[in-house]
Amino acid sequence: RSISLIVLLMLGLVLAAEPGQAGGHTLNILDRDASAFNREVRGLLAWVMGFAALVFVVVTGALVYVTVKFRRTGQETSEPEQTHGNDRLEVAWTVIPTVIVLVIFGLTAQSMFKLDRPTPGAMVVEVRGWQFWWDFTYKDHGIRNSNELILPVGKPVRFEVTGGDGANYDVIHSFRITSMVGTRDAIPGVVTHIEVTPEKIGTYYGQCVELCGASHANMRFRVKVVSQEEFDRWIEGAKAYQAAAPSDPTLVRGETLYKQQCAACHALKGVSQGLPSNPDLTFFGNRTTVGAGMWPNKPEYLEPWIKNSPGMKPGVKMPAFLNLSDGDVKAIAAYLMSHKVDGLDFSKLEKF
Ligand code: CUA
């Protein structure tokens with residue numbers, strides 16, 4: 001039974017290392033092309049799996065050997081010779097596993113120190129986990145963006161990971177960019193660090209990986225790794241961003257409704273300050289998803305989300321606005337989509 005368990009476990013690890021398909025996107029947590037972080041973890045896993053395979057072969061080999069060699073043959077009538085204790089054997093099976101564990105410990109510690117070493121000049125991004133969404137602040141640039149993280153390819157990023165803000169109740173979350181880097185716990189009142197240099201342009205999946213409540217599984221985000229030039233355009237555009245007073249009648253209606261219904265909670269640069277415990281909507285038009293990475297940012301998802309988010313995602317703190325008419329919801333959605341840095345389309349990026 002223990003052998004079948006081991007086989008199942010190994011099969012599980014093999015499957016976990018395979019590029020899994022989720023709606024056509026790979027979720028390979030050991031993608032060697034995505035980051036040096038993954039390559040380091042991969043190397044470490046190879047050592048651990050190597051030792052595990054060695055132990056498996058030696059132990060099952062010995063088991064099969066003694067079972068066959070000392071099996072009952074039929075002619076025997078008396079008990080076989082009984083032995084008690086074997087110093088050499090006992091020393092060997094104590095020393096060898098100890099050495100294996102020490103080697104694995106040494107390799108792990110080496111990798112941990114290597115990955116934890118801060119890179120001078122790395123861009124600092126504060127990551128804040130909230131039930132059930134993510135907030136990102138580019139500390140070097142003074143820009144805040146929720147649920148979507150835009151990063152330049154080939155540049156080191158240092159994440160300062162935390163949760164809640166002390167003034168509002170929140171729980172422990174955990175930050176992982178599935179096929180690029182992770183995991184680091186997002187603990188209210190504590191700041192932890194993790195660093196990565198993205199190596200491939202594209203869209204990456206992020207996911208909370210600490211059970212945190214009703215919508216733990218729905219606490220996602222997207223990471224857009226773009227060229228340095230595109231990243232600079234995003235940063236410059238975001239810094240210079242000014243919300244223009246709308247003239248289109250739908251947008252005017254949307255703005256009025258936004259100010260009545262949304263402004264007390266949400267920040268939107270130049271329009272409302274909101275509260276830090278709610279997602280920032282300033283660059284909503286640049287987002288590719290709605291509801292913290294849950295649905296594509298399209299009217300058929302955004303409009304019902306505005307009207308009744310608790311009906312779409314359990315545990316969200318935004319109340320339902322069932323009093324809004326379909327026209328009201330469309331106007332708010334259009335108004336939110338009008339806030340963006342022009343000339344950027346992150347939806348075209350390849351997905352990993
Ligand atoms: Cu946040 Cu799970």
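Figure 1. What you see here is a predicted model. Its chain forms 7 helices and 14 strands. The C-alpha atoms fill a box of roughly 100 × 45 × 40 Å along the principal axes. The radius of gyration is 27 Å, whereas a compact globule of 352 residues would have one near 20 Å. Take contacts between residues at least 6 apart in sequence: 67% of them join residues at least 24 apart.

**Figure 2. The surface and the charges of the protein come to about 19100 Å² of accessible area and 35 positive and 35 negative charges.** Carbon and sulfur atoms account for 61% of that accessible surface. The mean position of the positive charges and that of the negative charges are 2 Å apart.

**Figure 3. A salt bridge joins Asp-280 and Arg-144.** The closest N and O atoms of Asp-280 and Arg-144 are 3.6 Å apart. Asp-280 sits in the loop between helix 5 (249-261) and strand 13 (289-290), while Arg-144 belongs to strand 5 (residues 143-146), so the pair ties together parts of the protein that are 136 residues apart in sequence. Are these two partners buried or exposed? Asp-280 is buried, because its relative accessible area is 7% and buried means under 20%. Arg-144 also falls under that cut-off of 20%, so at 18% relative accessibility Arg-144 counts as buried.

**Figure 4. Arg-158 and Glu-195 form a salt bridge between two strands.** Here the closest N and O atoms are 3.0 Å apart. Which strands hold the two residues? Arg-158 is in strand 7 (residues 157-163) and Glu-195 in strand 10 (residues 192-196), so this pair links distant parts of the chain, 37 residues apart. Both partners count as buried. The relative accessibility of Arg-158 is 17%, and the relative accessible area of Glu-195 is 8%.

**Figure 5. Within helix 4, Glu-229 and Arg-233 form a salt bridge.** The closest N and O atoms of this pair lie 3.2 Å apart. Both residues belong to helix 4 (residues 228-240), and their spacing of 4 residues is about one turn of the helix. How do they stand towards the surface, buried, partly exposed or exposed? Glu-229 is exposed, with a relative accessible area of 52%, whereas Arg-233 counts as partly exposed at 39% relative accessibility. Salt bridges elsewhere share partners: Asp-135, Arg-144 and Asp-280 are joined into one network in this way.

**Figure 6. Pro-120 lies in a loop between a helix and a strand.** To find Pro-120, follow the chain from helix 3 (87-116) towards strand 3 (123-130), and stop in the loop between them. Pro-120 counts as exposed, because its relative accessibility is 78% and exposed means over 50%. How many residues separate Pro-120 from Gly-315 in sequence? The two are 195 residues apart along the chain, and their C-alpha atoms are 40 Å apart in space.

Definitions and conventions: Residues numbered from 1 in each chain as written. Predicted model: local features only at pLDDT ≥ 70, side-chain atom pairs only at ≥ 80, totals over all residues. Heavy atoms only, no water. Rg over C-alpha atoms; globule rule 2.2 N^0.38 Å. Contact = heavy atoms within 4.5 Å. Areas by Shrake-Rupley, 256 points an atom, 1.4 Å probe, with all protein chains shown as cover. Lys, Arg positive; Asp, Glu negative; His and termini not counted. Charge placed at Lys NZ, Arg CZ, Asp CG, Glu CD. Salt bridge = Lys/Arg side-chain N within 4 Å of Asp/Glu carboxyl O. Buried < 20%, exposed > 50% of the residue type's maximum accessible area, 1.4 Å probe, protein only.
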